[in-house]
Amino acid sequence: MEKISKKGMSRREFLGLSALGLTGLTILPSFVIDGVKIAPSDRVVMGFVGLGQQGLSDFWSFTGCPGVQIAAGCDVDSIKAERFRRRVTKWQSENKMNQRCDKYELFEELLNRKDIDAVSIATPDHWHALCAIWAAQSGKDVYCQKPLAYTITEGDAIAKAVRGNGRVLQMGSQQRSSQEFIQAIKMVRGGQIGHINKIYAKVGEPPTPYTLPEQDVPESLNFNLWLGPLNDPKIHYNEQLCPPVSLDPEKNEQFWGGWRWYQETGNGFTADWGAHMFDIAQAAIGMDGSGPVEFVPKGYKGTEYTTMIYANGIVMTEQPYLEENKGAQGIKFIGDNGWITVARGHINCSDPSKIPDNVKHMSPMSDKERKKWEEEKKKRDAEARQRSNGGTSGSYEINASHMQNFIDCVRSRKNPVAPVEVGNSTNTLCCLNNIARELNRPVKWDPATKSFIDDEEAKNHRLYWYQYRHPYKLEV
């Protein structure tokens, strides 16, 4: 297999392929939110790419940020693009804004808009790299859903493009802006349970080979464009990859896009939840931008759990963090002076007195209390979705404070709470776990040089890099 060219196709070259350009710009006057007039100089004008469930959820979260205006949406499914346009213009009307949201099929058309300051990317993972890189080259800041990329090389290329073009990138790792996780990180870093020896991080199963039956492609979907750089001939259309929707009457997705569960198109729960839980573990032990030095797959010579070993001796395993709920995603930090458990809506400590009063309501919860909390959370999120005429099923995917942090950083040019280096190191960790699993043996890694230790087989694995389908090229 030929390695990716060091000189990839530029955004300008790809624009030439599309033979399309835009000359008109949206006129965006001042507007009022909650009685406060937002001046044009304080606005952040956004475009959205990837308009499925996650894209709609992100749209609603951004509407809670004063000064944000939404000018365009892009999707390879024309029905989803129209659904998004209707959502946005309804919101604009309710907030007495100019009602306009343009629709695009090609992302590079949206990038040609000089009035757009930032883009929100909620595409399948294999499109993250090209979208984020081209956005940075176009002078746009980026909010990118997790994980950062499909492969290790793509993550590095995104980081290079973001920093090389002086852009802001915030990962959609919203747990970094959630009270219980912020508190857990603070307690671990502050030595509240002593030196950390072990971490249990439950995320879920790795991806499996793509075996879905082939189906006819809906007329509204440009599946060739959905595939983008993917070059595996085994990938054919099935509605599980890209769930269909309809309008008039509206029928939204009945399930999340299944591309994430197959190794040809995603990295399974390893990355889907690993980009959350492994991410928090890395933050707590001071490993943002770095990572483990050895990855041992589950089952190798009797290894019970997927194991990650850090140079300082800390061992992180993918295993239940709560014995009473072994399937729940969460983290347990084990130190020489106690333990801390943390998950969405939960934080507990071997010494509960160490948890401040403002988060004690999360620690601990009985089964009855937790069920009540989850029901109330779902009700609140359902009400939020109804206000936006929404259509997302994720009960935790609305976090306006995380979006507000991004918008604040777009204005200040400071690093957000989950910058590109954080997303890159977490993505690398997730990919390395899957590489070790597929090779069925340990893999050794140098986080400083971002290279394998004497391992050509791992270096040639598709999750390190793969040859893009023509005409796509990765600029590295």
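The model is a predicted one, where local features need pLDDT of at least 70, side-chain atom pairs count only at pLDDT 80 or more, and totals for chains, interfaces and linings use all residues. Residues are numbered from 1 along each chain as its sequence is written, and side-chain values use heavy atoms, with hydrogens and water left out.

Let's start with the big picture. The chain has 14 helices and 17 strands; these are DSSP runs numbered from the N terminus, with helices being H or I of at least four residues and strands being E of at least two. Of its 476 residues, 58% count as buried (under 20% relative accessible area, using a 1.4 Å probe and protein chains only). The chain exposes about 19,800 Å², and carbon and sulfur atoms supply 49% of that (areas come from the Shrake-Rupley method with a 1.4 Å probe). Now take contacts, meaning heavy atoms within 4.5 Å: among those between residues at least 6 apart in sequence, 71% join residues at least 24 apart.

Next, find strands β14 (residues 338–343) and β15, which run antiparallel and are joined by four bridges. Strands pair if DSSP finds at least two bridges between them.

Now for the helices. Two packed helices are described by the angle between their axes and the distance between the axes. Axes are lines fitted to C-alpha atoms, for helices over the stretch in contact, and angles run from 0 to 180 degrees between N-to-C directions. Helix α6 (residues 152–164) and helix α13 (residues 420–439) pack at about 170°, with axes 9 Å apart. That makes α6 roughly antiparallel to α13 (the label for angles over 145 degrees). Their contact includes Ile 158 and Ala 159 of α6 and Cys 431 and Leu 432 of α13.

Compare helix α2 (residues 53–62) and helix α12 (residues 400–412), whose axes come within 8 Å and cross at roughly 70°. These two are therefore roughly perpendicular to each other (65 to 115 degrees). Here Asp 58, Ser 61 and Phe 62 in α2 meet Ala 400, Met 403, Phe 406 and Ile 407 in α12.

Technical notes:
Angles under 35 degrees count as roughly parallel, over 145 as roughly antiparallel, 65 to 115 as roughly perpendicular and the rest as oblique. Buried means under 20% relative accessible area, exposed over 50%, partly exposed in between (1.4 Å probe, protein chains only).
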